[in-house]
Amino acid sequence: MDGPVGLCILAPVSTPTSASDAPASIDGMTFVMVSSTASEVDPHAPTSFDYHQDGHLLWGEYTGDTVRVGRFVGSFTDGRITLRFAHEKKTGEMVMGEADSIVERREDGRLYLVEAFEKDGVQHESVCVQA
């Protein structure tokens, strides 16, 4: 996995509900990757993202799949996340980038992060679900 995301075949997921259903904070929440256009996601050991928040400031760490260790920092406002990330892959390669996500509460009641990000000058999309 080259970014904090990967690719897997998804079973149909529920559709988003109103954007107003997004929480005011995602502090203390964990999300796991379920799909990405950047690479394949290991469904048995997906990348896991731990979020911390203080006001609009958002930061966290992630690991799993091909990521040895990763960090991100950014902001969370009105159900939208804007951040920059950096991680070391298990191969030793360093990856850096930026991402914008929309937080959606879907009909199954869980929160989803639908993320647009750029890696190596190419646009990608990933989806993570609240663990």
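Start at Asp-78, which is exposed, with a relative accessible area of 77%. The model is predicted. Asp-78 sits in the loop between β4 and β5. Check its backbone: phi is positive, about 50°, although the residue is not a glycine.

Next, select Asp-65. Here too phi is positive, at about 55°, and again the residue is not a glycine. Its place is the loop between β3 (57–64) and β4. Is Asp-65 buried or exposed? At 14% relative accessibility, Asp-65 counts as buried, because the cut-off for buried is under 20%.

**Into the aromatic rings**

Select Phe-31, Phe-49, Tyr-51, Tyr-62 and Phe-72 together. Ring pairs link these residues into a cluster. The structure has five aromatic pairs. One to show on its own is Tyr-51 with Phe-72: the ring centres are 4.8 Å apart and the planes meet at 50°, so this pair is tilted. Colour the strands now. Tyr-51 belongs to strand β2 (residues 48–54) and Phe-72 to strand β4 (residues 67–77).

**Salt bridges**

How many salt bridges does the structure hold? There are five. Begin with Glu-88 and Arg-68, whose side chains meet at 2.7 Å, N to O. Glu-88 is in strand β5 (residues 80–89) and Arg-68 in strand β4, so this bridge ties together parts that are 20 residues apart in sequence.

Move to Arg-106. It forms a salt bridge with Glu-104, with 2.9 Å between the closest N and O atoms. Arg-106 and Glu-104 are both buried.

The charged end of Arg-106 sits over the Tyr-112 ring, 4.3 Å from the ring centre. Arg-106 therefore has two contacts to display: the salt bridge to Glu-104 and the place over the ring of Tyr-112, a position that counts because CZ of Arg is within 6 Å of the ring centre and within 35 degrees of the ring normal.

Last stop: Asp-108 and Arg-110. They form a salt bridge, and the closest N and O atoms are 3.4 Å apart. Asp-108 has 38% relative accessibility and so counts as partly exposed. Arg-110, at 38% relative accessibility, also counts as partly exposed.

Definitions and conventions. Residues numbered from 1 in each chain as written. Predicted model: local features only at pLDDT ≥ 70, side-chain atom pairs only at ≥ 80, totals over all residues. Heavy atoms only, no water. Phe/Tyr/Trp six-rings, centres within 6.5 Å; stacked < 30°, edge-to-face > 60°. Helix = DSSP H or I, 4+ residues; strand = E, 2+ residues; numbered from the N terminus. Salt bridge = Lys/Arg side-chain N within 4 Å of Asp/Glu carboxyl O. Buried < 20%, exposed > 50% of the residue type's maximum accessible area, 1.4 Å probe, protein only.
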